[in-house]
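Trainee: I am new to this model. Please walk me through how to read it.

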Amino acid sequence: MTVAALGLGGNIGDAAAAMARALRELDAHGDCRLMAVSNLYRTPPWGKTDQADFFNCCALVETALSAPALLELCLNIEKGMKRVRTERWGPRTIDIDVLTFGNQSIVRESIEVPHPRMTERAFVLMPLADIAPDLQVRGKSVREWLQQADKSGIVSANEKREWWTLPPGNG
């Protein structure tokens, strides 16, 4: 079993509900078990800035899957939730990224872990620091990377850490 860190986000429709559904689907998969879910954050768009704010969270999942198979599962969940990829960094209903996979470094055409831009993105580092502040990525802890990141505009979007298990409007 390997512990992987996942980043989830979206800004079309009820993004928080979409992320909650994706987390429940991951947890229900026979080869995955959710170990921790971060707080939910509202974050300004990154890369392509002329769009609505995003909601983001991170999760730790213990899995028997390989890194490519975990990514494939995440992409299948996205497809099942009607994710359409039309524009890089553009609006989306749901996005699930494999951020880390154990302590492995993997570079393949289909997947790269650690995620190549995760240490530049406070919208990834802030939720990841909720659940894995000491996780080492490229020689520094998530906490250290977060100290260097621009956290402007990122705000907590939930009152309860269990936001993803609650009925809509109760998180």
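The talk below goes feature by feature.

Mentor: Start with the ground rules. This is a predicted model, where local features need pLDDT of at least 70, side-chain atom pairs count only at pLDDT 80 or more, and totals for chains, interfaces and linings use all residues. Residues are numbered from 1 along each chain as its sequence is written, and side-chain values use heavy atoms, with hydrogens and water left out.

Trainee: At what angle do helix α1 and helix α2 pack?

Mentor: Helices (H or I, at least four residues) and strands (E, at least two) are DSSP runs, numbered from the N terminus. Axes are lines fitted to C-alpha atoms, for helices over the stretch in contact, and angles run from 0 to 180 degrees between N-to-C directions. Here α1 (residues 15-28) and α2 (residues 67-80) pack at about 135 degrees, with their axes 11 Å apart. That makes α1 oblique to α2. The cut-offs: under 35 degrees is roughly parallel, over 145 roughly antiparallel, 65 to 115 roughly perpendicular, and the rest oblique.

Trainee: Which residues of α1 and α2 meet?

Mentor: Contact means heavy atoms within 4.5 Å. R21, A22, E25 and L26 in α1 meet L73, C74, I77 and G80 in α2.

Trainee: Is L8 buried or exposed?

Mentor: Buried means under 20% relative accessible area, exposed over 50%, and partly exposed in between (1.4 Å probe, protein chains only). L8 has a relative accessible area of 2%, so L8 is buried. L8 lies in strand β1. Leaving out residues up to four places away in sequence, L8 touches M19, A22, L23, F55, N56, C57, D95 and I96. Take C57: L8 and C57 are 49 residues apart in sequence, yet 5.4 Å apart in space, C-alpha to C-alpha.

Trainee: Why is α3 said to be largely enclosed?

Mentor: Nine of the 10 residues of α3 are buried, so the rest of the structure largely encloses α3. The buried ones are A122, F123, V124, L125, M126, P127, L128, A129 and I131. Their cover includes strands β1 (2-10), β2 (32-37), β3 (41-43), β4 (54-63) and β5 (95-101), and helix α4 (142-148).

Trainee: What should I look for in the backbone?

Mentor: Look for exceptions. Most residues other than glycine have a negative phi, and most peptide bonds are trans. The peptide bond from V113 to P114 is cis, with omega near -5 degrees. P114 lies in the loop between β7 and α3. R138 has a positive phi, near 50 degrees, and is not glycine. R138 lies in the loop between β8 (136-137) and β9 (140-141). R138 is partly exposed, at 40% relative accessible area.

Trainee: Where does H115 lie, and what does H115 touch?

Mentor: H115 is in the loop between β7 (112-113) and α3 (122-131). At 10% relative accessibility, H115 is buried. H115 touches D97, V98, L99, R121 and R138, again leaving out residues up to four places away in sequence. E120 also lies in the loop between β7 and α3. E120 is partly exposed, at 48%.

Trainee: Which ring does the charged end of K140 sit over?

Mentor: A charge sits over a ring if NZ of Lys or CZ of Arg is within 6 Å of the ring centre and within 35 degrees of the ring normal. The charged end of K140 sits over the ring of W145, 4.4 Å from its centre.
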